[in-house]
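Q: Please show me how to read a few features of a protein model, one at a time.

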Amino acid sequence: MNQTLIFKTAVFEKQRWTVPKPSPNPRRKAPGQLPLSRPAGGQDPRAAFGGFGFPVEGVETVLPVTGSGQELEKTTLGWGRSPPPPPPAGLGAGGGSGWDTPHVWEWQSRFPELTVIFVSPPPPAPPRCGRRQTKVEDIVQEIFNACKTNHHASQFVLHREKHFHYLKRGLRQLTEAYECLDASRPWLCYWILHSLELLDEPIPQSVASDVCQFLSHCQSPQGGFGGGPGQHPHLAPTYAAVNALCIIGTEEAFGVIDRKKLLEYLHSLKQPDGSFLMHAGGEVDVRSAYCATSVASLTNILTPALFAGTAEWIARCQNWEGGIGGVPGMEAHGGYTFCGMAALVILKKEYLLNLRSLLRWVTSRQMCFEGGFQGRCNKLVDGCYSFWQAGLLPLLHRALHARGDTALSMERWMFDQLALQEYILLCCQCPAGGLLDKPGKSRDFYHTCYCLSGLAIAQHFGSGDLHHEVVLGGPENRLQATHPVYNIAPEKVARAVMHFLQQPVPSLEPAAATN
């Protein structure tokens with residue numbers, strides 16, 4: 001069977017094109033009459049090759065079209081960095097041959113066994129991310145419009161009671177939908193307890209004691225905490241468990257933490273380059289460095305030997321964008337950036353970063369229309385980044401102030417605090433209680449925790465004599481402040497630090513320290 005060579009104005013490596021309509025004899029079609037449609041997410045062919053006005057030398061080998069929706073897989077036979085030579089006389093545009101460019105004739109001369117036709121693709125479809133962004137903006141616009149036309153109710157209301165009941169139920173009973181988080185049970189304790197403290201809802205003593213007992217069963221004999229009773233220790237649930245116990249802040253809670261075993265566990269995860277494994281035999285990324293520095297500083301087991309080289313390794317994770325990736329060379333990401341910056345604040349080495357570049361990157365992540373934050377460049381708004389991104393701004397403010405930057409405001413953070421509060425209050429609250437990623441998503445305890453944490457960051461500036469509040473809506477919307485490094489209440493941080501400072505740093509056996 002003869003093969004047909006389709007020449008396009010531009011081709012894409014590993015690109016699939018679809019013939020939406022059957023054509024009994026594509027070789028006899030005039031140019032442009034055999035429509036091709038690119039899949040969603042493709043880019044403008046002109047942009048792909050620097051905007052050159054001439055076609056790129058790429059070809060696609062296909063069989064004759066036999067039916068609707070046939071997918072054509074491209075086989076690249078050649079590439080050119082410059083325009084091909086002009087065609088023979090009579091083969092220019094309008095010659096009636098179906099070859100409307102001066103490039104097609106060359107392919108027949110190179111591959112005489114193939115029949116060459118020219119097909120112009122339609123204008124490129126919008127990128128997938130662009131369509132999704134437009135959809136989100138349309139939904140948010142509807143919410144904003146409804147808010148403007150509703151004159152019978154307060155526009156900005158934090159539904160405290162509904163959130164409280166949602167959180168209270170979660171501490172005692174979870175639906176089967178949470179089975180997938182069986183290895184994240186300390187996280188559920190932390191997310192719920194922290195949300196309750198932000199809402200200024202007291203935790204009953206009986207509930208606090210039950211949480212302490214449960215977390216004690218999650219503590220591993222090797223040190224650290226697992227995702228549930230009997231599970232292997234992991235730095236992420238270790239961070240969550242220590243934070244939850246510090247929120248409770250009782251002698252019983254502090255007594256759960258085996259500091260000596262925890263220190264041994266952290267040493268066992270330390271790598272020669274200064275990074276940390278997330279768990280024995282696990283991955284390395286900036287999260288582990290933050291989790292390790294956070295729990296070590298709260299429990300007074302932070303030593304120079306334990307974190308030798310860690311700050312320098314984190315600094316290498318800052319990339320050309322200005323943000324921080326999971327490991328050196330990776331794309332900047334809001335969660336990793338917060339973890340890296342917070343760890344450096346704990347280690348008192350935030351000066352190792354290019355702070356100006358970081359400031360430019362994080363402030364560019366606040367969405368101009370929605371008011372919330374995205375996690376990465378060209379991504380959608382997400383309520384959880386209300387903390388992971390906005391929480392960076394107090395840390396940056398502090399670092400730049402320590403360097404003597406006189407341009408800093410002493411009343412506001414360097415992002416639109418009211419716009420973020422507006423997005424959270426209007427777009428992230430579930431009517432039945434709990435908070436969510438964006439309109440149309442389901443509520444969960446993770447987004448409830450970090451939406452409320454971001455709302456608290458946006459409401460409170462500074463501390464002590466420099467404390468200023470910017471609360472959108474009535475005074476009943478006011479949340480308790482959160483510590484931007486640890487994301488628990490500042491007074492709970494102070495209580496834990498003071499408690500463990502009264503205890504000496506555990507001494508380790510030489511073998512444990514070496515490991």
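A: Start with burial: Asn487 has 0% relative accessibility and therefore counts as buried (under 20% relative accessible area; exposed is over 50%, partly exposed in between, with a 1.4 Å probe and protein chains only). This is a predicted model, where local features need pLDDT of at least 70, side-chain atom pairs count only at pLDDT 80 or more, and totals for chains, interfaces and linings use all residues. Residues are numbered from 1 along each chain as its sequence is written, and side-chain values use heavy atoms, leaving out hydrogens and water.

Q: Where does Asn487 lie, and what is its phi?

A: Asn487 is in the loop between β9 (468–469) and α18 (490–501); helices (H or I, at least four residues) and strands (E, at least two) are DSSP runs, numbered from the N terminus. Its phi is near 55°, a positive value in a residue other than glycine.

Q: Which residues does Tyr450 touch?

A: Contact means heavy atoms within 4.5 Å. Not counting residues up to four places away in sequence, Tyr450 touches several residues, among them Asn487, Trp187 and Tyr190.

Q: At what angle do the axes of α6 and α7 cross?

A: Axes are lines fitted to C-alpha atoms, for helices over the stretch in contact, and angles run from 0 to 180 degrees between N-to-C directions. Helix α6 (residues 205–218) and helix α7 (residues 235–248) have axes that come within 10 Å and cross at roughly 155°. The two helices, α6 and α7, are therefore roughly antiparallel (over 145 degrees).

Q: Which residues make the contact?

A: Ala208, Val211, Cys212 and Leu215 of α6 meet Ala241, Ala244, Leu245 and Ile248 of α7.

Terms used:
Parallel < 35°, antiparallel > 145°, perpendicular 65-115°, else oblique.
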